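Here is a short briefing on a protein model with two chains in contact. Start with the structure, then go through the points by topic.

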Amino acid sequence: MTLRGVDLAAVLGGSALGATILAGCVAFATDGPPLGYVRLALVALAAGAAYVFDEPAAAAVDAVPCTRRRRTAARATAVVAPYSVWAGGISALELRNAVTPVGSLLVEGAGVLALAVALAAGLRLAGHTQPGEIVASVLGAAVLAVLIFNPPPRSMPLFPVGDGWAASTALWSCLTVIAAALTIAASRDPYRR
Amino acid sequence: MTTLAQRPASLTGAATLRTLAGLEARRYALHPLFLVGVALLAAVTIANSDNLDAAAGIETLLPAFLLGLLGVFVGHQLTRSIAPSTEAVEAAPADGVTRTGALCLACLVPGAVAVVWVASMYLAMAASRIPDSAAISPAGRAGRLGAAVAAAVGGPLFGVMVGRWTRFPGAGLLAAVVLVGWTLLGTFGLQMPASRPGTLIHLNPPFTSWVSADGPHQPRWVPGGSPWWYLVYLILLCGLAVSGALLHEARGAQRSRLLRLLLTLALLAVASLGLAAAADPTRIPL
């Protein structure tokens, strides 16, 4: 199995945009990491990850003698690109400014990307052969809404700025595991349903 | 003997535009993301209805985000959704400029919802007899709420323009990210000391907050700048988005006219932004 079928333009485009925003964040991180912009980069990276399961030739591909789970495993490796950008950007931020909560931000990034992949897998199971655009729009809008409105509960913020990093990390860890499990569950072949 | 059916009168350009605009407006009004935005706007407004004074900081943010920013996605998707049937659409008796114009007119749907919302806010404030603040005069509040309506229309128009000019996946989200990034950049103006350059940085994004504070538990203040000139600036930005969207399909003399219009609107927008920032930059405690 290879990554030949993955829409690399979308995945790498989102990664490139995220990398550009993160580079700007690193440049202006002397007074502390600009977390609003850092999360904006995460939106772009999640959008890129949402396209990993897009398959315009799904009808033909579903007929090949290879299970959907194996194809999912192969395609999911493309998420390494946006996550590498995220991990590299956060590490660079930490080098620039030591107060950056590296661990929490790395878990947060993994959680958001895992959610994007799980939503795409769920939509693919529902019959959408190209779920990327829908997932990128819906997840992107949802993350932007949370960033702007910062909804309650304040005790467990999704995207903390000052306090609540430990609770947020615990929440994103759980969400990552759940998203991974959902991705696996949603990757069974249609004939096994 | 042959009976000839009466030939229908050919549609004029304006009638075609009206018909197409009606169809596009219906598509807009039924878009799930628009309906989610309207539902959230209603829910948040009802939840805050017993504390209107405290909502002063977010009153403009609600329609700007829930109708404007979500509208970027709606406008983009409506524009791109006809791309797979381009050949069939091009055979229709309406040119690309008319079709784009109809899409732009459909963006008045969120504007109408925002106007209803603004009117309901005014009525609610009048009914609850909130005393006028020295920091926010009734005229200033009207200008700020008007800017929220302009943002609710401007977001979808920007989405239509992006949908016309781009074809790559995720362009709608990229447009939304650009708008949010631009707005966040504007907040640097609030962190600067009160000055006209600071006001210019604060007011140049297509959405701005009119209430700020130096910290989470610090007293709130209203930054300087003219809300009415800012509203004019936003309306001109909407005009720029419409002209930019129409330009994609325009040819020949029409294209030249649109280019001249774009240039004029851009110059007027810069001038109105300058006038908005030229007002007294003093920050007034809320």
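A residue counts as buried when its relative accessible area is under 20%, and as exposed when that area is over 50%. The model is predicted. By that cut-off A:Ser137 is buried, because its relative accessible area is 4%.

**A:Ser137**
- Which helix holds A:Ser137? The residue lies in α7 of chain A, which covers residues 132-149.
- With neighbours within four places in sequence left aside, A:Ser137 is in contact with B:Phe73 and B:Gln77.
- One of these contacts is polar: the side chains of A:Ser137 and B:Gln77 meet at 3.5 Å.

**Interface of chain B and chain A**
- How many residues does each chain bring to the contact? Chain B gives 19 residues and chain A gives 19 residues.
- The two chains bury about 1,600 Å² between them. Carbon and sulfur atoms account for 84% of that area.
- Five residue pairs are in polar contact between chain B and chain A, with both residues at pLDDT 80 or more.
- On the chain B side, α3 (61-80) and α8 (171-186) each supply at least two of the residues that touch chain A.
- That side of chain B divides into 15 nonpolar residues, four polar residues and no charged residues.
- How many salt bridges does the rule find across the interface? The count is zero.

**Fold of chain A**
- Chain A has eight helices and zero strands.
- Along the sequence the pattern reads α-α-α-α-α-α-α-α.
- Along the principal axes, the C-alpha atoms of chain A fill a box of roughly 55 × 30 × 25 Å.
- Of the 193 residues in chain A, 46% are buried.
- Take the contacts in chain A between residues at least 6 apart in sequence: 75% of them join residues at least 24 apart.

Technical notes. Residues numbered from 1 in each chain as written. Chains lettered and ligands numbered in written order. Predicted model: local features only at pLDDT ≥ 70, side-chain atom pairs only at ≥ 80, totals over all residues. Heavy atoms only, no water. Contact = heavy atoms within 4.5 Å. Buried area = accessible area lost by both parts, 1.4 Å probe. Salt bridge = Lys/Arg side-chain N within 4 Å of Asp/Glu carboxyl O. Polar contact = N/O pair within 3.5 Å; in protein donor to acceptor, adjacent residues only side chain to side chain. Helix = DSSP H or I, 4+ residues; strand = E, 2+ residues; numbered from the N terminus. Nonpolar A, V, L, I, M, F, W, Y, C, P; charged D, E, K, R; others polar. Buried < 20%, exposed > 50% of the residue type's maximum accessible area, 1.4 Å probe, protein only.
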